[in-house]
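Please look over the model below before reading on.

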Amino acid sequence: MHGTGAEADGARGVFAVDSTAPGSAPRGLDEFRRGWETQVGDEVFQLPAFSPDTIGDFRVKGTVAKVHGAAIADLHAASATRTADVPGGDQDLVAMYVVRRGAWTLGGPPGHGDQTVSAGQFLVRHLGRLTAFETSAHLTAKFLVLPPGELTPLLGNRVVTGPADSAEMRLLTAMADMIHTTVADLGPAGVAAAQATLVELTKAVAKGRFDDVEPRLAPALTRAAKDIADRRLADPDLSPAMLARELNVSVRTLHRAFAAVGEQVTTYIRHRRLHEARLALAAPSGRLSISELAAHWQFADGSHFTRAFKKHYGQTPTEYARSAAEAAEAAAAPLPPNRRPPGRGPAEGA
């Protein structure tokens, strides 16, 4: 998505800017700043002054969600950006940078050197005032702004870094993505709870472990477990124990999180496997046999697969495949003459 100005989408604040578009330069940064301040505001995070040599080519697009006193931004920068050497401005907040592509270099606190967050890494730290930074071209990153109250005592002067795919970070990014899709519909209590959950998950990142007695984290833990399960449905090792290991939690914690949202881990896995098998049965060509499908989707044998399929869909796999084939044939067959749509015949208009 490219545009010459900021575009808003309710509370989620979707905006895009491309200063190289005809007629937009050199207003690209101004449009970006206007979109940010409209959706987030200086009270959450004040955009710093940017270096003049990056203003003429400022191509950044993204989505931003304000969540009470926090904010989440997903940013994609085609151009390199750099702030002024001394941005200035006091700002008491905790900032997290999660880089998927490119690099984000941050000015360190007094007495410390610059810190670069490379692709596949995250960094979280407390900021007492704005500091200089620069980003590479072709950057894809998530930027979180969090209120300092509960996090500053935990972080102190530490800078916490690590892999973006760690268990705790997967939980945090899963929750951040959920908030992006729901924040526009949340009431005040829901928005406050969403912020509190982001803070709790950031604590888990800083501590390197998940607090399994915090009930607000159940939706994020469940979503992260489902994402892993969906990618590994055909894996014979997929199980609650494997998911718990991947997410650095106990099996009991995982089961409790699913129960909190009214589901069971094994039921979710079985239903997803049945769904994929059902899609395969309806495929027009290259269809696997019942025993092959059972083996591929990790059912004990063809009989077990057939029973599970019929219980879930009300038909055996063979019956479903036959009905799907008949429906496809009927849809492809030409209509008989007496059911063709009205139109001009060969002699009409002659």
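Predicted model: local features only at pLDDT ≥ 70, side-chain atom pairs only at ≥ 80, totals over all residues.

1. Burial in α6. The buried residues are Ala-218, Ala-220, Leu-221, Thr-222, Ala-224, Ala-225, Lys-226, Ile-228 and Ala-229. Lys-226 is worth a look in the viewer, as a lysine on that buried list.

2. Neighbours of α6. Which helices do the buried residues of α6 pack against? They are α4 (167–182), α5 (188–207), α7 (240–247), α8 (251–260) and α9 (265–281).

3. Second largest pocket. It holds about 160 Å³ of space. Its lining consists of Arg-100, Ala-164, Arg-170, Thr-173, Ala-174, Asp-177, Arg-223, Ala-224, Asp-227, Ile-228 and Arg-231. The most comes from α6, with 5 residues. Ala-224 and Ile-228 of α6 are buried, and both also line this pocket.

4. Spacing along the helix. An α-helix has 3.6 residues a turn, so residues three or four places apart point the same way. Keep that in mind when viewing Arg-223, Ala-224, Asp-227, Ile-228 and Arg-231 in the pocket lining.

5. By class, the lining has 6 charged residues, 4 nonpolar and 1 polar. The charged ones include Arg-100, Asp-177 and Asp-227.

6. The cavity. How many cavities of 30 Å³ or more does a search of the whole structure find? The count is 1. The largest cavity has a volume of about 280 Å³.

7. Cavity lining. The lining comprises 23 residues. Nearest the centre lie Leu-47, Phe-50, Leu-75, Trp-104 and Phe-133. At least two lining residues come from each of α1 (28–39), β3, β6 (103–106), β8 (121–129), β9 (133–135) and β10 (139–146). By class, the cavity lining has 19 nonpolar, 3 polar and 1 charged residues.

8. His-68. Phi of His-68 is near 60 degrees, a positive value in a residue other than glycine. His-68 sits in the loop between β2 (59–67) and β3 (70–77).

9. Gln-298. Here too phi is positive in a residue other than glycine, near 65 degrees. Gln-298 belongs to the loop between α10 (290–296) and α11 (302–313). Gln-298 is partly exposed, at a relative accessible area of 31%.

Definitions and conventions. Residues numbered from 1 in each chain as written. Heavy atoms only, no water. Buried < 20%, exposed > 50% of the residue type's maximum accessible area, 1.4 Å probe, protein only. Helix = DSSP H or I, 4+ residues; strand = E, 2+ residues; numbered from the N terminus. Contact = heavy atoms within 4.5 Å. 1 Å grid on protein atoms, 1.4 Å probe; cavity = no way out; pocket = protein on both sides within 12 Å on 5 of 7 lines; lining within 4 Å. Points joined across faces, edges and corners; volume = space filled by probe spheres on them.
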